[in-house]
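Here are some exercises to work through with the model open beside you. Try each task before reading its solution.

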Amino acid sequence: MTYEVKSLNEECGIFGIWGHPQAAQVTYFGLHSLQHRGQEGAGIISNDNGKLLRHRDTGLVSEVFHDPSDLEKLTGQAAIGHVRYATTGEASIDNIQPFHFKFSDTQFGLAHNGNLTNTKSLKKALESQGAIFSSSSDTEILAHLIRRSHHPEFIERLKEALNTVKGGFAYLLMLEDKIIAALDPNGFRPLSVGKMKNGAWVISSETCAFEVVGAEWVRDVKPGEIVIIDDAGIRYDSYTTDTQLAICSMEYIYFARPDSVINGVNVHTARKNTGRRLAQEFKHEADIVVGVPNSSLSAASGFSEESGLPNEMGLIKNQYTQRTFIQPTQELREQGVRMKLSAVSSIVKGKRVVMVDDSIVRGTTSRRIVQLLREAGASEVHVAIASPPLKYPCFYGIDIQTRRELIAANHSVDEICEIIGADSLTYLSIEGLIESVGLETDAPNGGLCVAYFDGKYPTPLYDYEERYLQSLEEKMSFY
């Protein structure tokens, strides 16, 4: 059976709170706001006067906590939670976070967003020293490193462990008397601090969760930083000074919710700016702009305003269909796309359509959408992508780790245009992307990681080096 890679997927989202009488319930709402970051599993650990309580399972947040008693049992005034999409480790309950580690002298909970690039070598070394892993997730490595440190203070053991793991990571740890958050030296994944009116402190992968739980944004967690929250308040520390901002550009392009703010930039505004710049780089005549729901609607709006072309709702998404990309036959997959997305004939018929989308992964979905628009009567379909060609894998927390999966790694723009059946294909330039996001920093690439587009990774790839170098030589035909 062949399974189709439908789109990119983020690994997960994390949320934590300290100092609220209904901490688990607030965490539930926070995780619900982060559901777009992972749909394979969810879990919460609460802290009731030093006693850690956990509930986790596979499925959506609402499915995992469908029984009210599931949350009622998670008593206490502090909690951390996690929604998961697997990049490292199987999609089984053993890998559902937060993890709960119990030792003779202490216990702690752990949740992770990102992907480590030295997992294989670290796990091999730890196992040779007697470590036993209960999951296949790279998250568990941090716990083993903490336990093997000889520092008397937990924070110092954590710092040593954080300097040992490499790659993209945003961690949340629940101890008996505190919550600790930590971000990798490049800040690949977003992580922010908020505060509720009752004084409770909140940590979240995205600021969109703050609105839902009634918290106000305080500040972003900085690369290489540790945030410690306990009954005495909040304090900030660092485990390294060797930092360089390189936040994942796909957060702005695709992953994050449009109402989130990352490093001072609203995601909707960034996407709208990419649409404006894309319109400037677009060289064809057209009648209307149609955005592919939902993550491309902001870019379509910017494209429309800049070009002067009307922004029309020529594609409608059915919000209530299940996943269709695992259907076992081509016919069923085609039917699944039609169930999820429909072209509006009365809007596109006889029109030269600019179809704005955020990215092209394999090209199969783009080809089907172009076909839908043509069948609905569009006279021309010009595809405009609000990001550069996706040519290289990500090793920091996105589930694309070989060039085999990327059509732009194996075909020219003209070839891709022919494959998807479009009249033209325009990608946003890398420079256009960087300027559109517009982070206020003097870091390389405007503080963004654009390795997916130019192959220049901001860190060593460690365990992925050999696989990466081999993948550069891979050639494959998608059709």
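**Exercise 1. The sheet**

What is the order of the seven strands in the open sheet, and is the pairing parallel or antiparallel?

Before the solution, some ground rules: this is a predicted model, where local features need pLDDT of at least 70, side-chain atom pairs count only at pLDDT 80 or more, and totals for chains, interfaces and linings use all residues. Residues are numbered from 1 along each chain as its sequence is written, and side-chain values use heavy atoms, with hydrogens and water left out.

Step 1: Helices (H or I, at least four residues) and strands (E, at least two) are DSSP runs, numbered from the N terminus. Two strands pair if DSSP finds at least two bridges between them.

Step 2: The order is 3-2-4-1-10-9-11, and the pairing is antiparallel.

Step 3: check the ends. Strand 3 (51-58) and strand 11 (215-220) are the edge strands, each pairing on one side only. From one strand to the next, the twist averages 15°; axes here are lines fitted to C-alpha atoms, for helices over the stretch in contact, and angles run from 0 to 180 degrees between N-to-C directions.

Step 4: zoom in on one end. Strand 9 (residues 192-196) and strand 11 run antiparallel and are joined by five bridges. Met-196 sits opposite Ala-215 of strand 11.

**Exercise 2. A helix on the sheet**

Which strands does helix 1 lie across?

Step 1: find helix 1 at residues 23-33.

Step 2: Helix 1 lies across strand 1 (12-18), strand 2 (41-48), strand 4 (78-84) and strand 9, and runs at about 25° to strand 4.

**Exercise 3. The annotated cysteine**

Where does UniProt place the feature "active site"?

Step 1: the unreviewed UniProt entry puts it at Cys-12. UniProt positions are given in the numbering used here, feature names are shortened, and annotations may be inferred rather than shown by experiment.

Step 2: decide on burial. Cys-12 counts as buried because its relative accessibility is 1%; buried means under 20% relative accessible area, exposed over 50%, partly exposed in between (1.4 Å probe, protein chains only).

Step 3: list the neighbours. Leaving aside those within four places in sequence, Cys-12 is in contact (heavy atoms within 4.5 Å) with residues including Arg-37, His-82, Arg-84 and His-112.

**Exercise 4. The binding-site trio**

Which residues does the UniProt annotation "binding site" cover?

Step 1: the unreviewed entry lists Ser-295, Asp-357 and Asp-358. They are spread over 64 residues of sequence, yet they cluster in space, with a largest C-alpha distance of 7.9 Å.

Step 2: take Asp-357, found in strand 21 (residues 352-357). Asp-357 counts as buried because its relative accessibility is 9%. Its side chain makes a polar contact of 2.9 Å with that of Ser-296. (A polar contact is a pair of N or O atoms within 3.5 Å; within protein, one must be able to donate a hydrogen and the other to accept it, and residues adjacent in sequence count only if both atoms are side-chain atoms.)

Step 3: move on to Asp-358, in the loop between strand 21 and helix 13 (364-375). At 5% relative accessibility, Asp-358 is buried too. The side chains of Asp-358 and Ser-295 make a polar contact at 2.4 Å.

**Exercise 5. The core**

Which residues touch the most other members of the largest nonpolar core?

Step 1: define it. A nonpolar core is a set of buried Ala, Val, Leu, Ile, Met, Phe, Trp, Tyr and Cys residues joined through side-chain atoms within 4.5 Å.

Step 2: of its 52 residues, the answer is Tyr-252, Phe-303, Val-354 and Tyr-452.

Step 3: look for another core. One of 29 residues lies apart from it, with Phe-108 and Leu-158 among its members.
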